[in-house]
Amino acid sequence: MSVSAVAIPFSAQPWFDITLRQFLQSPIIKKVYVLHHGRYVPDSPQCEAVKVDAPFSTPAIRRLAQLVREKHLFFVAQPGQIEFGQFALERFLEFAEASHAGITYADYYEANSGLRSEHPLIDYQLGSIRDNFDFGPLMLFSVPALRSALKKRGTAAYHHAGLYDLRLKISTAHRLVHIKEFLYSMQMPDLSSNRETQFDYVDPRNRIAQQEMEVVATNHLKTIGAYLKPKFKRIEKSTMEFPVEASVIIPVRNRASTIADALQSAMNQQTDFSFNIIVVDNHSTDGTSAAINGFAKQNSLIHHMIPRRLDLGIGGCWNEAIFSEFCGRYAVQLDSDDLYSGNGALQKIVREFRAGPYAMVVGSYKLVDGNLTEIPPGIIDHKEWSEKNGRNNALRVNGFGAPRAFDTTLLRARPFPNTSYGEDYAAGLRLSREFQIGRIYEPLYLCRRWAGNSDAALSIEKANRNDQYKDMLRTMEILARQEMNRGR
């Protein structure tokens with residue numbers, strides 16, 4: 001078995017020395033490169049200090065490519081104390097050499113307060129192009145693959161996105177292999193009290209980094225033939241007759257404590273056009289149905305639908321609404337635990353549709369708690385979207401935003417998947433493949449975060465299922481866009 005090198009970013013925290021010693025004690029580690037941005041003097045002849053601007057930058061990676069003489073390079077990609085399992089590093093190398101992988105990564109344990117829990121990862125696929133794909137804290141690179149990627153794919157230098165760029169470039173020519181064994185433990189530093197990171201890419205503090213990530217992802221799509229130029233299909237005015245101009249769609253199951261607020265928010269909308277409210281009650285058992293019936297008896301705008309099917313997710317409930325006789329020309333989202341931010345939200349959404357025309361219009365929202373008090377990061381406006389490149393960048397990020405509204409005619413031809421996660425993202429990707437998407441950057445919506453809603457902190461198993469599903473959606477969309485670019 002060959003020997004390997006290691007690259008590890010320096011930290012003044014105690015875990016750095018503990019992790020470093022783990023590598024130095026391994027018989028298969030020949031050299032350790034400590035990446036630093038200041039002064040670091042190694043105390044072992046196996047160590048070499050490498051001064052870099054940022055550990056994940058393109059210049060840092062190029063410098064490593066020049067220095068490393070070994071065939072493989074371990075890269076510590078997250079801060080924290082590592083403890084290797086029995087023959088863990090040897091196992092990494094065994095998989096890497098047998099598979100000729102460009103990158104090898106493995107499941108691991110999280111160790112916190114003396115407790116150890118499993119942290120399984122997911123397999124890499126064509127659609128795993130999001131910049132937050134989880135490889136775990138330790139990645140093993142093929143050095144020939146690394147050098148080949150740097151040589152063949154351009155000379156752009158990224159401060160924040162160097163590692164992301166490298167990973168995508170390697171993925172075009174090499175396998176990325178996931179070892180489904182728990183090979184090491186990682187004691188994570190307490191960087192945040194909230195595990196939820198789904199909004200990182202819309203945090204204004206991260207905008208510069210995200211702009212780099214967008215450039216990298218766009219170039220990758222061009223390389224693999226999935227990039228779409230800003231040319232869109234014309235949206236013809238529908239000849240269908242609709243009972244109203246717009247329908248507010250509320251799928252619901254067991255939201256007795258919030259459904260009244262949602263309905264009142266919808267009923268309060270003031271418009272210069274006709275609208276109604278379609279509530280698809282997915283066989284609630286907690287009093288939600290009675291609450292909806294009470295509102296429906298008092299207000300003819302409300303249509304209370306209970307599906308005959310018992311196998312519907314949120315997407316399936318949306319399909320029940322959009323294919324119903326009650327659905328208007330435009331179908332507008334309102335989740336059963338959320339609210340519109342004012343009585344003019346529906347008017348603004350339809351006005352944007354008419355200004356387009358657009359297949360879909362997406363507004364902005366404010367994150368609030370159960371008492372409607374704003375919580376960080378506050379307003380989510382998705383300003384990373386652009387008319388020129390939004391549908392390409394949508395493959396990098398995990399969502400389109402809210403509230404989402406759709407041209408009913410186009411949506412009926414491309415119905416939602418019958419799932420309760422990612423159904424809206426799937427519809428957005430599908431529509432944006434062909435048509436323009438309109439955006440409204442003022443908050444129209446209050447998105448409530450509370451312990452019982454679907455965005456509450458998830459187990460690692462559920463988070464993995466969600467991530468794997470959206471990666472699959474991206475894989476299918478990339479394949480479809482490649483076919484479209486081939487003229488098929």
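How are helix 13 and helix 14 oriented to each other: roughly parallel or roughly perpendicular? Keep that in mind while we set up the view.

This is a predicted model, in which local features need pLDDT of at least 70, side-chain atom pairs count only at pLDDT 80 or more, and totals for chains, interfaces and linings use all residues. Residues are numbered from 1 along each chain as its sequence is written, and side-chain values use heavy atoms, with hydrogens and water left out.

**Stop 1: helices 13 and 14**

Select residues 423–432 for helix 13 and 460–485 for helix 14. Helices here are DSSP runs (H or I, at least four residues) and strands are DSSP runs too (E, at least two), numbered from the N terminus. The two helices pack at an angle of about 10°, and their axes are 10 Å apart. Axes are lines fitted to C-alpha atoms, for helices over the stretch in contact, and angles run from 0 to 180 degrees between N-to-C directions. Helix 13 and helix 14 are therefore roughly parallel to each other. For that wording, angles under 35 degrees count as roughly parallel, over 145 as roughly antiparallel, 65 to 115 as roughly perpendicular and the rest as oblique.

Now show side chains. Helix 13 brings Tyr425, Ala426, Leu429, Arg430 and Ser432 to the contact, and helix 14 brings Lys470, Leu473, Arg474, Glu477 and Arg481; contact means heavy atoms within 4.5 Å. By class this contact has 4 nonpolar, 1 polar and 5 charged residues. In this scheme Ala, Val, Leu, Ile, Met, Phe, Trp, Tyr, Cys and Pro count as nonpolar, Asp, Glu, Lys and Arg as charged, and the others, Gly among them, as polar.

**Stop 2: helices 4 and 5**

Next, select 143–152 (helix 4) and 162–171 (helix 5), which pack at about 100° with axes 9 Å apart. Helix 4 and helix 5 are therefore roughly perpendicular to each other. Ala145, Leu146, Ala149 and Leu150 of helix 4 meet Leu166, Lys169 and Ile170 of helix 5. Here the contact residues divide into 6 nonpolar, no polar and 1 charged.

**Stop 3: the nonpolar cores**

Which residues touch the most other members of the largest nonpolar core? Pick out Phe23, Val32, Phe74, Phe92, Leu138 and Phe141, from a core of 106 residues. A nonpolar core is a set of buried Ala, Val, Leu, Ile, Met, Phe, Trp, Tyr and Cys residues joined through side-chain atoms within 4.5 Å. Apart from it lies another core, of 36 residues, among them Val252, Ile349, Tyr445 and Cys447.

Zoom in on Val32. Not counting residues up to four places away in sequence, Val32 touches Val6, Ile8, Leu20, Phe23, Leu24, Gln46, Cys47 and Glu48. One of these, Cys47, is buried, at 7% relative accessible area. Buried means under 20% relative accessible area, exposed over 50%, and partly exposed in between (1.4 Å probe, protein chains only).

**Stop 4: cysteines**

The structure holds 0 disulfides, a disulfide being a pair of cysteine sulfur atoms within 2.5 Å. Cys317 is in no disulfide, and the nearest cysteine sulfur, that of Cys327, is 14 Å away. Cys317 counts as buried, at 2% relative accessibility.

**Stop 5**

Select Gln333, in strand 13 (residues 330–333). This residue counts as buried, at 2% relative accessibility. Beyond its neighbours within four places in sequence, Gln333 is in contact with Ile249, Trp318, Tyr340, Ala402, Pro403, Arg404 and Tyr445.

Then jump to Gln81, in strand 5 (residues 81–84). Gln81 is partly exposed, with a relative accessible area of 21%. Its contacts, with neighbours within four places in sequence left aside, are Trp15, Ile18, Thr19, Ser185, Met186 and Gln187. For a distance check, draw a line from Gln81 to Thr409: they are 54 Å apart C-alpha to C-alpha, and 328 residues apart in sequence.

**Stop 6: backbone details**

Finally, switch to the backbone. A cis peptide bond joins Gly356 and Pro357, with omega about 0°; Pro357 is in the loop between helix 10 (345–355) and strand 15 (360–368). The bond from Pro376 to Pro377 is also cis, with omega near 0°, and Pro377 is found in strand 16 (residues 374–380).

Where is Leu372? Look in the loop between strand 15 and strand 16. Leu372 has a positive phi near 70° and is partly exposed, at 38% relative accessible area. His382 has a positive phi too, near 55°, and lies in the loop between strand 16 and helix 11 (390–393). His382 is buried, at 3% relative accessible area.
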